[in-house]
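Here is a brisk report on one model. It covers strand pairing, a helix and the confidence values.

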Amino acid sequence: MSSSSDDNDNNNDVDVDVDVDVDVDDTGLHKPNCGGGASEGGDVTMELGRIIDGKAIADAIRTEISRELIGRAADVDVVVDGIGGGKIGGRPGLAVMLVGNRADSATYVRMKQRACADAGISSYLETYPDVDGVTEEMLLDRIRRWNDDDDVHGILVQLPLPPKIDEGRILGAVNPAKDVDGLHPSNVARLFSSDTHDRTHDGERLDWTDLSSVPFHLPCTPQGCVELLDRIGCDIEGKRAVVIGRSNLVGLPVAMMLVHRNATVTIVHSRTVDARDVVREADIVIAAAGKANMVKSDWLKRGCVVIDVGINAINDSTAKRGYRLVGDVDYDGGAKDVAGWITPVPGGVGPMTIAMLLRNTYNSWKRANK
Ligand SMILES: Nc1nc(=O)c2c([nH]1)NC[C@@H]1CN(c3ccc(C(=O)N[C@@H](CCC(=O)O)C(=O)O)cc3)C=[N+]21
């Protein structure tokens, strides 16, 4: 680990529409435990190499959201199993701000809008392709109008913003109740507070075992990671979790969520001494460093659960586009066969990020209509 790239958002390096085609596992499988805890020469019957099908799990969650939504909302044109037309007027709305002309950002925004349409959520897109002409005041004005717009329940500012724009100033202008990315300082503080471990400042009960019930917005990718652990039946409490990377978008928030779930959490970063030895202690590994294939099979304890957040494009002359996507974990180099469970890239955490965005937007709408 020589560079400090772990401090950067690692998901912005690609522009591809990948046909997700991964080994499908029985994702409905529930195991009472995770991480194996295998000591040397441990349980030989331990099952290894199970693939966590994030795409299938995300699709299931998206269907759950749609079903719930069409049972409540009067104005949704999506019908599932003949259900549709609830009592609440209107439908959830997500407003997306896209500044600049990064091809990867445009791709992600398209994926989010398509996901909204599928779920019965309205989406509004405001683009500012002219980086030279755009000002912070223009963006702030747009956000304030979305803050005041009752048809907008979620506001997402696609990151990264151009360097000349003060990201903190823009994110800080979003109404925290509409901050479906969970990046407003007030939402960050609530996640990073022990006061909110059982109860919020308003005395609301907080149940970290049901992330959907948490009364403020949690960032989407970290929420997706924890949701994957839950969906494979991983019992997080008391486990040793190692998070690799300390970004605001993933590393720090996912570490906090795991703390709230009573894991013992270590954060590994570019200045960590003997990172491999630290990671080898982990029952749960969350890899969010943004470095292709960094985590080798001999970094992993047999039977551990690996959530690979990395999306790295690497050159591959045999691939159609000349490159392919790999995670931060050396999946094909043997990691898959040591881990008890592992997410593929693509088809792991990425699709979950979008499912959690829909969930946050839906929850925001529900709260607004209480
Ligand atoms: N304000 C903000 N919120 C974000 O949530 C946010 C952002 N900015 N900036 C960029 C990153 C990146 N991101 C991804 C979402 C979905 C996939 C995804 O679905 N990937 C698929 C396909 C891979 C691909 O086509 O690139 C997969 O992994 O299987 C990946 C990455 C959200 N981000």
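Strand β8 (residues 305-308) pairs with strand β11 (residues 341-342) in the parallel sense, over two bridges. Within that pair, Val305 has Trp341 of β11 as its bridge partner. This is a predicted model.

**The six-stranded sheet**

β8 and β11 belong to an open sheet of six strands. The order is β1-β11-β8-β7-β5-β6, and the pairing is parallel. β1 (50-51) and β6 are the edge strands, each pairing on one side only.

Strand β2 spans residues 93-99 and is mostly covered, with seven of its seven residues buried. Gly93, Ala95, Met97 and Val99 point one way from the strand. Leu94, Val96 and Leu98 point the other way. Both sets are buried.

β2 pairs with β3 and with β4, as the table shows.

| Pair | Sense | Bridges | Partner residues |
|---|---|---|---|
| β2 with β3 (residues 122-128) | parallel | seven bridges | Met97 with Glu126 |

**Helix α7**

Helix α7 covers residues 251-260. Seven of its ten residues are buried, so the helix is largely enclosed by the rest of the structure. The buried residues are Gly251, Pro253, Val254, Ala255, Met257, Leu258 and His260. An α-helix has 3.6 residues a turn, so residues three or four places apart point the same way.

What covers the buried residues of α7? The cover includes two helices, α5 (185-191) and α6 (220-231). It also includes the strands β5 (240-244), β6 (264-268) and β7 (284-287). Those strands β5, β6 and β7 are also members of the six-stranded sheet.

His260 lies in α7. Its relative accessible area is 6%, under the 20% cut-off, so His260 counts as buried. Glu237 is 23 residues away from His260 along the chain, yet their C-alpha atoms are separated by 9.1 Å. After α7 comes Asn262, whose phi is positive, near 70°.

**The annotated span**

The UniProt record, an unreviewed entry, annotates residues 219-368 as "domain: Tetrahydrofolate dehydrogenase/cyclohydrolase NAD(P)-binding". In the model, this span is 37% helix and 19% strand. Its end C-alpha atoms lie 19 Å apart.

**Confidence**

The chain has a mean pLDDT of 87, and 82% of its residues reach 70 or more. Over residues 1-32, however, pLDDT is below 50. That stretch has 93 contacts in the model beyond near neighbours in sequence. Residues 38-42 also stay under 50. For residues 38-42, the model has three contacts beyond four places in sequence. Where pLDDT is low, the predicted coordinates should not be read in detail. For the complex, the predictor gives an ipTM of 0.95 and a pTM of 0.87.

Definitions and conventions
Residues are numbered from 1 along each chain as its sequence is written. This is a predicted model: local features need pLDDT of at least 70, side-chain atom pairs count only at pLDDT 80 or more; totals for chains, interfaces and linings use all residues. Side-chain values use heavy atoms; hydrogens and water are left out. Buried means under 20% relative accessible area, exposed over 50%, partly exposed in between (1.4 Å probe, protein chains only). Helices (H or I, at least four residues) and strands (E, at least two) are DSSP runs, numbered from the N terminus. Contact means heavy atoms within 4.5 Å. Two strands pair if DSSP finds at least two bridges between them. UniProt positions are given in the numbering used here, feature names are shortened, and annotations may be inferred rather than shown by experiment. pLDDT is the predictor's confidence in each residue, from 0 to 100.
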